[in-house]
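The tour moves from one group of aromatic rings to the next.

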Amino acid sequence: MTLTPQRHSGPDQGRTPEVLAPSPAPSAQSRRVGAQPWVMAAAVAVSVAGAALSLNGVLRGWAWYVPVLTTVCVVALAMAVLRSLRAQPFLVALGGFASLVFILTFTFFRRDSIAGFIPSGDTMAQLGRFLRRASETVLAESSPVAPNAGIVLVTCAVLGLVVILVDALAVPLALPATSGLGLLAVLVVPAMVKPQSVGPWGFAAAAAGYLMILACSQWFAPDNRTTADTARNPGQFRRAALTGGMALVITLLLPLAVPGFDQGTFPQGSRLNPWGSSTGLNPMISLGNSLRSPSGDGRITYASNASRPQYLRSVTVDRFDGDSWSPDDRDASRRVGVGRMDVGYEVLADEQVRTVTAIDTGRFTSPYLPVPYAPDSVNGLDGRWSWDPATLSIKGVDTNARNQQYVVQSTSPRLTPELLAESSAPVRGISEEFIRPPNNVPDIVRTTADTVTEGSRTAYAKAMAIQNYLRSVEFTYSLQSPVQGGYDGNGLSVLADFLTQKSGYCIHFASAMAVMARLEGIPSRIAVGYAPGRSTGATVSVPGQGALTEYEVDSRDAHAWPELYFQGLGWVAFEPTPSRGVVPDYASQASTPGGASTNENNDDLIPSSAATPGATPGATPVPLPGLDSSGEAEHALRLPLYGAAGILLLALLAASPRMVRAGLRSRRLRGSPSPGGSTAASAWAELRDLATDYGLAPGVSETPRHFSGRLRESGALGGPDGADDAGARAVASLTADFERQQYGRPAGIPESAALAGEPAAAVSAADRIARTQASLRRHSRLPQRLRAEWLPPSVMNRWGLIASAPVRAISRPAAKMGQAAARSWRTVRDGLRRLRQG
């Protein structure tokens, strides 16, 4: 029943208005289930599966998405079936958990389970092994990680739990807007890990699914608090357009006001790691994160009998096709056991250098083992290790490089420019993948390679021409230019941008030389590891070698360099990156001046002076990356400022509901102090919100007099009947004013009953609201008072309704789809029933 406000006069003035109690809501069992479970399940599955698209780039490739999609759909379908059978909410959630366990068992532990999907003791043993492998992957590798069975299992389990969470928030708890928190939990991972953040497709799919959830919940279970704001109200389109426009404006303006993104506190590429600080080397050669790190992690120490500090090499990249390059682990051809290794080709050099290196990896965590090239044997390792005959990269089988202490014996030919220049025999004995030029090479790369090597007759001359070109004054070393120019990373498109801008860091220089060398017929690959480090000042005693000088490297020394193959000599390292590493003696002759460096916040990484023409850099280690005096002062000042700004922002966010509530109260009570004046309706609205804040919200169909009586008799204003309490009398007076304005003066409450002993006109509405609020505060508990003041439900509920307003404008198409699906289902069901009866 709906009440229409009327003014009473004359003989009807003494009639007492009828009190309407709230109509009881129909029970869950009395309502038809219809298509709601199926439409909601589809919405939840679309939202979670869509959000999972953003995990591409956190996990390598797309092979992991099929089990993820299967898990999400099975869990959502199981819960829809139970809800269509009118199961209790807790049974629906329990069924979701059971279906998640069954589908995970069927997908990952089919051979170690009962009937293929019921877990057993063997299943739990396998589960422990999978979880250990997932933990090692998370700690050891940087994104994108290889989608092994352990990490895919964890991903499927987490997304299945997200389906259950989103469904529980949207349906039984009736908080569809809050269900977005589950989707946000999925999107936060790529936002913190991937340099490209969530990506448009994952965000768009998650947003579409979230809007479907809101539309479905609004159509099938509209909010009774919004009797004027139904899904069919044309005014909702205007509200939705206004809300969407404001959100768009904020989205466009916010990045302009937040410091950083290419420098500052939160530079692009320096994403947070939710599992703690990463101490490993990224095998995907996205080294910008490590180089831009203000402090080094993953410290490694080593001592060697070599004449100068050594490069430590972990893995190689040799496939240059596509927009993202990665190492080929060649798992099928790897050999277990690193006690004896062989380069696999003949070395014809008259003199070879044998070195012994003792390495302590400390907290460095990676599946790949850093060693000097080319290793003959590695002793002292814990766990099982394998090596690749094509590249001699060493990778753990059931372990990683953390806390390993080992001794490496390596052998390399003593190279000279004359020896390399004489190595002109045709290449043979190595894999075709090191020789094959990449597909779809940009024109600028091919043109640059031909121009630079024009006139060079031997492979060595071509290699030196490319290296000298990249180290020339035309190129600058910069960590920020790739970020600002949008080519931070690897791939052929990135390489084209680098050769256009002529500014980047090691991965760009190494990629350019490797690709151009291969275009000129020289086999090439990219080595990823660490540049020579710094002396610690200590010595390490190695059996048979005596005391050796100790050096250290960390994540700031992460480096990439090209290796070119010369027949009879093997793989030879070059150093095209200016200001990084050490140019080998055999590659330093006839060199041009070293490349200049920019001062784009890279003073900590770049020496202050350029190399002189023809000079060979000595074995002096690269200076420890750090901040100069001005940088330290600026850094020390910036952190407190950002900290204070963050604290102030959090304080404003925490206080915003309280401030909104105070502003609303002030606006309502400003104006005429007369009890029966224009503020009666505003004062009544304030009284309703005040009662809502203290847990006594008015019912949808409750009359003012009934609500007033319930409030005074609840005990929230004093005694059980509110007797002798100023707050109760103030409520009665405000009720009388409102009824007098809306319906005429009722006979049940005379004017003199406003406040005992005080004329009604002498007490303003603001004073009576203040007395009511004081009475509510005195007779409520501390948690309730804190909630009413800092998180007032009257404001929070209103914000929730505003947030869900845009979906009401699009709920009609979703509802029509749901009705059509329900009709189709009933038609099919009735047809099957008739067939069985016939």
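Rings of Phe, Tyr and Trp (for Trp, the six-membered ring) are paired here if their centres lie within 6.5 Å, and a pair counts as stacked with planes under 30 degrees apart, edge-to-face over 60, and tilted for the rest. Select Tyr469, Phe475, Phe498 and Phe509, which form one aromatic cluster. This is a predicted model, in which local features need pLDDT of at least 70 and side-chain atom pairs count only at pLDDT 80 or more, while totals for chains, interfaces and linings use all residues. Residues are numbered from 1 along each chain as its sequence is written, and side-chain values use heavy atoms, with hydrogens and water left out.

The structure holds 19 aromatic pairs. One of them to select next is Phe574 with Tyr586, an edge-to-face pair at 6.2 Å centre to centre with 85° between the planes. Both residues lie in the loop between β15 (570–573) and β16 (596–597), so the pair ties together parts that are 12 residues apart in sequence; strands are DSSP runs (E, at least two residues) and helices likewise (H or I, at least four), numbered from the N terminus. Phe574 is buried at 1% relative accessible area, and Tyr586 is buried at 13%, where buried means under 20%, exposed over 50% and partly exposed in between (1.4 Å probe, protein chains only).

Now move to Trp684 and Phe707, whose ring centres are 5.8 Å apart with planes at 90°, so this pair is edge-to-face. Trp684 belongs to helix α17 (residues 679–693) and Phe707 to helix α18 (residues 704–713), so that distant parts of the chain, 23 residues apart, are linked. Trp684 is buried at 4% relative accessibility, and Phe707 is buried at 2%.
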